[in-house]
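User: Please take a close look at one chain of this model, beginning with the side that meets its partner and then moving on to the fold as a whole.

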Amino acid sequence: MTVNVTMKVNGQSVTAAIAASTLLVDFIREHLRLTGTHVGCNTAQCGACTVHVNGRAVKSCNLLAAQANGAEVTTIEGLAAADGTMHPMQAAFKEHHGLQCGFCTPGMVMSACELKGKLPNATDEQIREALDGNMCRCTGYQNIVKAVKAGLAA
Amino acid sequence: MKADGIGARVTRKEDHRFLTGNGQYTDDISLPRQTYAAFVRSPHAHAKINGVDSASAAAMPGVVAIFTGKDIAASGIGGLPCGWLIHSKDGTPMKEPPHHILAVDKARYVGDQVAVVIAETLEQARAAAEAVSVDYDVLPAVVDTATASKAKASVHDAAADNVCYVWGHGDAAAVDKAIASAHHVSSLDIVNNRLAPNAIEPRAANAAYDKSSDSYTLYVSNQNPHVERLLMCAFVLGIPEHKMRVIAPDVGGGFGSKIFLYAEETVLVWASKRVGRPIKWTADRMEAFLSDAHGRDHVTNVQLAMDANGKFTGMKVTTTANVGAYLSTFASSVPTILYATLLAGQYTTPAIYAEVTAVFTNTSPVDAYRGAGRPEATYVVERIVETAARDMKLDPAEIRRRNFITTFPYATPVGLTYDIGDYPACLDKALKLADYAGFPARQAEAKTRGKLRGIGLSSYIEACGLAPSNVAGALGARAGLFEAGEVRVHPTGKVTVFTGSHSHGQGHETTFAQVVADKLGIPIDDVDIQHGDTGKVLFGMGTYGSRSLAVGGSAIFKAVDKVIAKGKKIAAHLLEAADTDIEFKDGVFKVAGTDKNVPFANVALTAYVPHNYPLDKLEPGLNENAFYDPTNFTYPAGTHICEVEVDPDTGKTQIVNFTAVDDFGNIINPMIVEGQVHGGLAQGIGQALLEGCVYDSESGQLLTATYMDYAMPRADDLPNFQVATHVTPCTHNPLGVKGCGEAGAIGSPAALMNAITHAVGVKDIAMPATSERVWRALQGRA
């Protein structure tokens with residue numbers, strides 16, 4: 001079954017006729033070719049596919065594209081300014097070496113950005129709890145926590 | 001120190017693309033007209049394949065082709081090779097049963113690939129794969145490591161007792177004598193639990209055949225594209241090597257699991273010519289759990305003999321190592337060459353003997369995983385040393401100190417010669433940082449809160465910088481272990497470096513650029529590092545065994561030296577001086593003792609616009625290659641100290657302090673080194689506290705094949721680490737570096753388990769030390 005979806009992705013309106021079973025992450029990666037959003041587990045555990053839907057950080061492997069019909073979606077590609085200047089959270093990850101292989105990074109950054117609205121003064125412990133849904137196999141999380149703290153303060 | 005040179009905390013050049021979603025991982029690459037593959041995998045651990053019926057699947061929408069093991073075998077394709085030949089102690093070679101890229105007569109583990117479906121879309125490929133009907137006769141499965149050699153069933157006919165080899169290393173008679181005459185012998189039975197590597201990027205490949213040039217291009221998530229190409233072309237598919245380009249683009253973590261030549265990408269390359277279109281495959285997470293090579297899985301008894309002063313006199317290690325259903329690329333070397341050679345640890349133990357029985361089981365293949373053999377060795381040594389301290393009522397720090405090697409070079413009784421180190425210095429620094437002296441007070445305070453506090457040490461050593469090719473060859477390696485580098489200076493003085501090392505998180509694009517920029521006296525932004533493409537890089541052995549900087553960096557170093565040497569000749573011509581009078585410093589060639597000089601960029605331009613140039617004796621251009629083959633391994637070493645608090649009501653362990661003091665030799669970028677240590681510690685702590693592959697002992701089903709069942713360390717499972725370094729520069733490579741990628745995973749499990757067993761007051765708890773296991777241990781003690 002084909003469905004029509006319309007949503008705003010990184011500020012641009014997109015409309016497409018897609019299979020009803022299309023996951024949001026596949027719509028973003030395969031239809032829009034925005035490949036910064038990654039798939040690490042397909043089961044909403046690893047968080048590599050985290051994007052913002054109407055301002056909330058959600059795992060896009062666990063949502064149908066049709067469920068995001070009419071929504072405003074922000075992916076990692078939509079964070080930096082038009083001139084390429086990184087979002088303060090992105091800059092903080094670079095400054096504090098909060099990434100290594102980079103695969104979990106987009107999801108990690110999207111989760112961290114959501115925290116800015118929820119807990120702008122989060123403690124280390126609160127940051128660790130908030131990132132519970134985003135796995136990183138490279139960094140041991142220490143520098144991610146440091147980066148998020150700096151990104152929240154920026 | 002140059003602000004962006006050697007030793008500087010330079011932020012990473014690669015970060016911008018990763019942070020803005022512009023990385024290019026294999027699954028991000030889509031090729032025109034590409035198809036998608038789905039593998040039909042065995043649901044049984046051990047089963048005879050009577051037949052594969054793909055007729056109805058082939059008629060499903062979008063199906064392009066279906067291939068089975070018989071199709072592959074009919075085209076004369078053999079199996080995947082093992083890269084290291086081990087001989088049993090009786091002189092017979094290891095058993096190497098065929099490892100078909102699609103199973104032919106039998107499936108030997110859950111996930112073993114039986115057929116491949118290629119279709120227009122991924123959904124169509126998966127749907128058709130479900131419809132392929134395989135007629136299996138289920139056979140009894142061999143699962144358990146310790147009892148595999150006594151199992152009634154055989155994984156391979158060629159190894160009826162499931163034994164791949166029984167390998168001996170060291171002087172057995174001397175060890176028996178030491179044990180017989182010892183004041184005390186400490187003994188321990190331990191298990192090194194099986195782990196799934198779990199790079200967050202699953203393995204992926206995209207293979208394309210080009211008819212016009214009769215050549216192939218393979219994009220693959222891999223740590224060593226040249227090795228992948230060599231093995232696939234020369235040992236499996238018979239494709240001429242110059243007709244295959246392997247590209248390992250951005251790779252989302254490897255940890256060893258992406259070293260190996262796997263069946264999936266080999267099938268894709270083979271099939272791409274048959275279907276005449278590119279074929280893409282990306283593992284889902286359950287496929288990754290089932291089909292990525294696992295790590296560890298040892299069962300060991302260790303005995304340590306000592307005199308009345310706690311001085312070690314002999315050590316005997318008996319290990320059974322599970323290699324899984326087939327020999328993966330480096331599987332045979334991990335529990336032997338990379339394991340038993342490290343059993344001296346940091347100690348002067350004069351006699352050591354290890355016997356390793358490698359067994360086949362109906363489980364996923366086991367191969368190198370972060371540390372590969374060295375974590376297993378460290379776990380044996382550091383657990384038994386701690387046990388010995390308790391038996392002898394000696395402070396764990398003191399017993400280590402009494403046995404440390406303090407003179408270098410030092411030839412161990414297990415075949416290695418340590419070039420340099422300062423083990424007491426690392427220990428002392430760690431003790432101080434961890435406030436070891438204050439532990440009794442903290443323990444007493446914890447007791448008032450009803451908590452059990454324990455502290456554990458681990459003074460590890462590893463052999464890295466793999467490896468001197470001649471030594472490796474004598475030990476059974478079927479390949480060289482040098483590294484290659486090319487430094488291409490452009491006419492404007494900008495530099496592109498091509499390296500055979502592969503970065504999949506290690507930050508080579510920054511670290512290697514720091515080295516080159518420092519040596520050439522140019523800004524780091526003028527240096528780009530290229531890697532991961534056999535079409536660009538002259539050759540390479542890739543990244544594993546903490547070898548990239550020590551071996552790959554040394555190759556680059558040598559190539560830069562050649563650039564400077566040639567530049568001096570050009571500068572001598574321009575400055576009308578003798579070659580021998582030219583000095584090069586801070587990016588400027590200068591006639592010694594004068595102010596006559598010419599900058600690097602002018603020399604580069606002259607090399608490419610050779611109007612005023614010694615064309616009669618010097619070729620134009622400024623582009624140099626180097627191959628570097630190390631003369632020894634490097635020996636990173638250090639002490640990790642872990643302090644824990646155990647809640648006796650729940651068995652829950654909390655790490656209250658973790659201190660790591662490591663000697664990695666000279667450090668190019670401290671920020672990156674700290675990051676590598678953090679990540680290694682997380683994996684070691686994951687092994688000790690959380691992770692473990694569990695197979696059903698009867699059916700051979702992998703029970704931990706999702707993130708719901710396999711406990712990956714998450715942010716709130718881990719503490720902040722206290723890390724520091726102590727430097728003794730490596731004596732035999734030009735950078736004086738040793739490697740830092742694996743140390744965290746090597747040293748930490750023993751420190752943590754020594755701390756937990758100390759807190760609980762028992763000799764051993766099996767890893768992972770879950771709350772349940774710790775709680776049960778506490779009940780047993782009462």
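Analyst: In this predicted model, 41 residues of chain B are in contact with 43 residues of chain A. Two helices of chain B, α1 (15-19) and α17 (670-689), each supply at least two residues of the side that touches chain A. The largest share of that side comes from α17(B), which gives seven residues. Sorted by class, the side of chain B that touches chain A holds 17 nonpolar, 15 polar and nine charged residues.

Behind this contact side, the chain can be described by its elements and its dimensions. Chain B has 19 helices and 28 strands. Along the principal axes, the C-alpha atoms of chain B fill a box of roughly 85 × 70 × 50 Å. The radius of gyration of chain B is 27 Å, which agrees with a compact globule, because a globule of 782 residues would have a value near 28 Å.

Of the 782 residues in chain B, 60% are buried. Among the contacts in chain B with a separation of 6 or more, 80% are between residues 24 or more positions apart.

Helix α12 of chain B, residues 439-448, is hardly covered. It has ten residues, and the count of buried ones among them is zero; a residue counts as buried if 20 or more other C-beta atoms lie within 10 Å of its own. After α12(B) comes B:Gly450, with a positive phi near 80°.

Technical notes: Residues are numbered from 1 along each chain as its sequence is written. Chains are lettered from A and ligands numbered from 1 in the order in which they are written. This is a predicted model: local features need pLDDT of at least 70, side-chain atom pairs count only at pLDDT 80 or more; totals for chains, interfaces and linings use all residues. Two residues are in contact if their C-beta atoms, placed from the backbone, lie within 7 Å. Helices (H or I, at least four residues) and strands (E, at least two) are DSSP runs, numbered from the N terminus. Ala, Val, Leu, Ile, Met, Phe, Trp, Tyr, Cys and Pro count as nonpolar, Asp, Glu, Lys and Arg as charged, and the others, Gly among them, as polar. The radius of gyration is taken over C-alpha atoms; the globule rule is 2.2 Å times the number of residues to the power 0.38. A residue is buried if 20 or more other C-beta atoms lie within 10 Å of its own, exposed if 12 or fewer, and partly exposed in between; C-beta atoms are placed from the backbone.
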